[in-house]
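Here are my notes for your read-through, written as numbered points. Keep the structure open beside you as you go.

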Amino acid sequence: VENVRLLDRLSSRKAALGTLYLTATHVIFVENVSETRKETWVLHSQISSIEKQATTATGCPLLIRCKNFQVIQLVIPQERDCHDVYISLIRLARPVKYEELYCFSFNPKLDKEEREQGWKLVDLNEEYNRMGIPNNYWQISDVNRDYGVCDSYPTEVYVPKSATAHIIVGSSKFRSRRRFPALSYYCKDNNASICRSSQPLSGFSARCLEDEQMLQAIRKANPGSDFIYVVDTRPKLNAMANRAAGKGYENEDNYSNIKFQFIGIENIHVMRNSLQKMLEVCELKSPSMSDFLWGLENSGWLKHIKAIMDAGIFIAKAVAEEGVSVLVHCSDGWDRTAQVCSVASLLLDPYYRTMKGFMVLVEKDWVSFGHKFNHRYGNLDGDPKEISPVMDQFIECVWQLMEQFPCAFEFNERFLIHIQHHIYSCQFGNFLCNSQKERRELKIQERTYSLWAHLWKNRANYLNPLYRSDHGQTQGTLRPQMAPCNFLYKFWSGMYNRFEKGLHPRQSVTDYLMAVKEETQQLEEELEVLGERLANLQKSQLNDDKVRSKQQDRSKQLGLSTSDNSLANTPQEYSNDLKSFPSRSPSQGDEEDSALILTQDNLKSSDPDLSANSDQESGVEDLSCRSPSGGGCLPSEDSGKDSDEAVFLA
Amino acid sequence: MEFSELIKTATVERVLLSCAGLPAVKGTLCITSHHLLLSSCPGGDAQPGAVELWLLIRNVDAVEKRLAGSSGTITLRCKDLKVLQLEIPGMEECLNIASSIEALSSVDSVMMMYPFFYRPQSLKLEEGWHLFPLEQYFQQIASQTSQWRLSDVNRDFTTCPTYPPAVIVPAAVDDDTLRKAARFRQGGRFPVLSYYHPKNGTVSPPPCPAPRPLSRHRQPSGEGGSKPPNLWGSPGARRLSLPTLHHPAGDAPQPPSAPPAPLHPCYSPSGGVPQAGHPFHLRCARSAYSHARLKQEAPLFLLFLDCVWQLSRQFPFSLEFGERLLLTLFDNAYASAYGTFLCNNVKERRVGREESTHSLWAWLNQPGEKKKYLNPLYSHNALVIWPSVEPQSIQLWQGLFFRWIRSSQYLDEAWAEIQQLVEGN
């Protein structure tokens with residue numbers, strides 16, 4: 001459709017005129033301005049709602065809200081065209097078969113071997129080995145090898161050595177959806193562990209000997225402690241209501257040596273409404289300070305984030321400080337339990353705060369234990385009541401921790417934002433379906449690519465420059481402060497207003513420090529090489545003409561690198577500067593440059609920022625980086641799209 | 001009045017000091033004319049005491065006492081937002097200490113204040129008072145335009161008692177007109193120049209009319225891009241710019257000063273706000289905890305510092321100084337060893353401030369001291385900066401409001417790491 005206008009939320013003056021294309025996988029808006037031809041790409045799988053508004057004199061407005069919090073406002077001149085686009089998008093945004101999802105057509109041009117290698121990057125057996133398992137207390141069980149006991153659990157489950165198959169099966173029959181207690185994290189320093197399960201089918205008085213034995217076995221696997229905590233992450237009222245349905249929670253009298261604890265986190269429906277309310281606040285047009293603050297408070301969002309953090313902190317303390325094992329459950333044990341176990345693991349073990357470790361953590365606590373990605377994130381058309389931002393909340397908890405401990409994480413905010421994007425994008429196979437069983441049936445690993453390999457390949461973009469593996473914050477348990485709680489957790493505008501570039505700091509400290517770090521490293525390496533050469537030359541007393549010319553080259557480069565450190569302060573200035581930014585860092589050799597360009601090519605179709613709105617302003621965040629050598633060494637958002645995607649043009 | 005009259009009990013033994021986030025310590029409490037001291041004897045009475053508390057009494061905003069049996073607890077709420085508790089054995093001692101602190105913290109006579117007694121060895125009294133005279137700033141403006149002139153119409157403070165003696169005014173307006181204009185303005189505060197924005201080709205016009213934009217002024221610069229000619233004359237004057245400022249309205253909502261490029265008085269309140277007659281003494285006599293609720297008390301200077309902090313967050317490379325300077329200015333505006341923020345205007349300060357007190361700027365400008373306040377990420381930025389004022393962009397200044405209730409260890413470590421990275425380069 002031609003002559004479509006793309007509106008800017010913050011200023012109506014900045015509408016862009018262009019052409020709208022619908023392809024099999026994307027909505028694409030291409031601006032008319034001939035030299036820039038800015039493009040905005042939106043994956044169909046990112047669309048959460050489409051709203052057709054009343055026709056005005058200027059055309060028919062169409063509002064597209066995305067799951068990565070982008071809001072696109074289009075005005076289409078003809079009502080009929082608008083209706084057609086609307087009808088098409090409704091269908092395209094709600095695929096009914098997995099095969100319709102983007103990951104089955106996405107082709108990053110990797111061969112079979114590279115694809116397989118990519119899937120092997122995260123290996124959970126290796127991870128349990130890293131924890132020190134199997135050992136005297138824990139072993140791998142094949143009781144679920146063909147998903148015979150629990151179809152939402154993985155085939156390989158770690159359980160206490162003293163828990164026989166009989167006990168496991170018996171316990172599973174006494175747990176919702178047969179999700180029996182299994183190991184999530186083991187602390188080899190003191191043998192304390194975190195196990196997870198669903199709620200017991202206890203009703204008002206039912207008991208199960210095997211389940212009681214199972215909890216006993218977990219306690220025995222930690223000889224240093226004479227009890228375990230059982231943490232129910234639901235509000236007490238919810239748990240009590242479940243008793244009437246024959247479910248509920250453990251009775252301390254029936255289990256020997258447990259301490260039972262409620263840590264109330266609300267259910268998926270409350271969370272869905274809370275996010276909805278918060279996003280309404282984010283969408284307000286020029287809100288006052290109190291509109292915003294009241295709206296944020298009323299949404300309850302940060303209160304829920306705090307509840308998840310509190311539960312994670314409680315468990316981490318039990319393990320690290322008391323040396324007591326914990327069994328965590330909620331109702332089904334795949335939402336709140338996943339959040340809380342992964343937050344606790346992140347606090348306890350510095351490994352999960354590295355890039356690779358974080359991938360392992362998500363794979364362990366979310367993917368393998370049957371978090372229902374398809375239902376929660378609405379990948380396929382389904383029950384809207386199943387949708388809830390469970391993983392988004394976990395990702396935000398990580399960000400809140402990063403704000404409190406700036407040196408503790410190997411990765412940066414962008415890493416989290418890109419993972420959130422790909423939970424919804426369906427571009428990679430990792431987060432498809434609701435369980436391991438479903439993924440195996442679909443042969444996901446043979447037909448799609450792994451996100452982790454993609455992120456790992458581009459890890460330079462995701463590094464936190466303040467991270468050092470020998471820094472105090474990267475050692476041992478993180479102990480977040482508890483008070484004053486209400487101010488501790490902040491609104492994350494980098495996520496929920498991420499496409500409103502005008503709201504964010506105009507200069508990126510992370511990008512600048514990364515560039516500084518890189519340059520320092522290069523200079524040091526060069527110095528070393530030159531030093532060696534000099535020594536060799538002195539030794540062999542060769543003609544030193546060559547050296548002299550090399551050194552002159554070097555000083556020229558240095559001269560260049562300090563000449564352009566102009567900074568931009570406003571969107572307009574940034575975009576002016578954008579043109580003058582050298583596209584490559586002068587201190588980088590040609591070889592590095594070509595490597596960089598390759599990376600950018602690969603990024604084109606998969607980097608969430610690239611499928612983002614790339615209007616004049618969106619260059620600000622990434623390019624505002626004050627590189628010591630003139631900037632421009634980061635992937636830019638306005639590079640073009642892969643030509644192979646144009647094939648999909650309808 | 002003698003201080004000794006106000007001190008009813010000078011020392012008390014076995015006082016327990018507690019403060020959020022720190023272990024409580026027991027020691028000997030001692031009141032001097034200006035300070036509250038607590039020294040502990042960790043190694044027993046024979047050991048020399050370690051000083052655990054060294055509090056300027058002027059910093060105390062509110063004193064609350066609670067008696068229980070034969071002892072009492074005094075809660076001191078300070079103007080820098082710190083809260084201290086003293087558990088004092090003996091009811092009478094407790095009451096005496098409380099009333100001594102109340103009396104000493106309420107002394108209103110300028111000459112009795114600590115700056116007139118403070119004599120650090122590393123500084124000379126006259127240092128730092130005339131780092132950047134208005135005359136010098138005027139010379140710079142005069143080198144670019146003849147539209148302004150320096151007037152001494154207020155030399156004897158008769159035209160406007162709260163203005164400095166010299167002001168910069170439009171060249172076309174003579175002193176007689178200024179006097180008439182002053183009579184038509186509250187407090188005689190007639191319009192004078194606050195900031196002169198040099199003409200140049202690269203600074204964009206503001207998107208919205210801003211009568212007094214918060215702007216980082218253009219600096220002379222020889223390198224790169226299309227820079228204007230060296231407008232400031234002297235190449236040494238790289239950070240100069242802000243003239244004294246004046247607001248036509250008598251009681252300005254906030255000191256209209258540009259973000260200070262610190263450690264230089266013309267960007268700092270020494271050259272700016274105090275000269276322009278922001279009534280520091282009235283505004284900062286008490287603070288948030290005080291029960292006095294003085295009509296003239298208001299955190300206007302703090303609001304300004306908060307704005308600067310918001311700018312520093314949005315433009316982390318564009319301010320030469322870090323948060324620490326803002327905190328220091330906040331502290332010193334309310335309770336200080338230096339004379340910089342004393343009184344309400346230039347006229348009042350003729351009580352001998354420059355002869356008998358030290359300048360905070362002189363202290364901050366000492367090389368060892370100055371380094372602590374610099375922003376390692378700073379890079380000269382010639383452009384005007386336009387911050388976002390959307391609610392999502394405005395954040396709570398945790399470094400100030402949580403300073404005493406939450407450890408900033410991890411954030412300080414990050415700051416040190418940044419410093420190291422940049423210096424390594």
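1. Let's begin where the chains meet: 41 residues of chain B and 48 residues of chain A take part in the contact, where contact means heavy atoms within 4.5 Å. About 3800 Å² is buried between chain B and chain A, with carbon and sulfur atoms giving 59% of that area. Buried area here is the accessible area (1.4 Å probe) that two parts lose on being put together, summed over both. On the chain B side, B:Phe317, B:Gln392 and B:Tyr410 lose the most area to chain A, together 18% of what that side buries.

2. A word on the source: this is a predicted model, in which local features need pLDDT of at least 70 and side-chain atom pairs count only at pLDDT 80 or more, while totals for chains, interfaces and linings use all residues. Residues are numbered from 1 along each chain as its sequence is written, chains are lettered from A and ligands numbered from 1 in the order in which they are written, and side-chain values use heavy atoms, leaving out hydrogens and water.

3. How many salt bridges are there between chain B and chain A? The count is one, with a salt bridge defined as a side-chain nitrogen of Lys or Arg within 4 Å of a carboxyl oxygen of Asp or Glu. You can find a salt bridge where the side chains of A:Arg468 and B:Glu417 meet, at 2.5 Å from N to O. Two elements of chain B, helix H7 (300–314) and helix H13 (409–424), each give two or more residues to the side that touches chain A. H13(B) gives the most, with 10 residues. Helices (H or I, at least four residues) and strands (E, at least two) are DSSP runs, numbered from the N terminus.

4. Now look inside chain B, where the domain assignment gives domain 1 (3–107), domain 2 (133–207) and domain 3 (279–424); such bounds come from an automatic or database assignment. The centres of domain 1 and domain 3 of chain B, taken over C-alpha atoms, are separated by 27 Å. In chain B, 17 residues of domain 1 are in contact with 20 residues of domain 3.

5. Domain 1 and domain 3 of chain B bury about 1500 Å² between them, 58% of it on carbon and sulfur atoms. B:Asp61, B:Lys79 and B:Leu81 lose the most area on the domain 1 side, together 42% of what that side buries.
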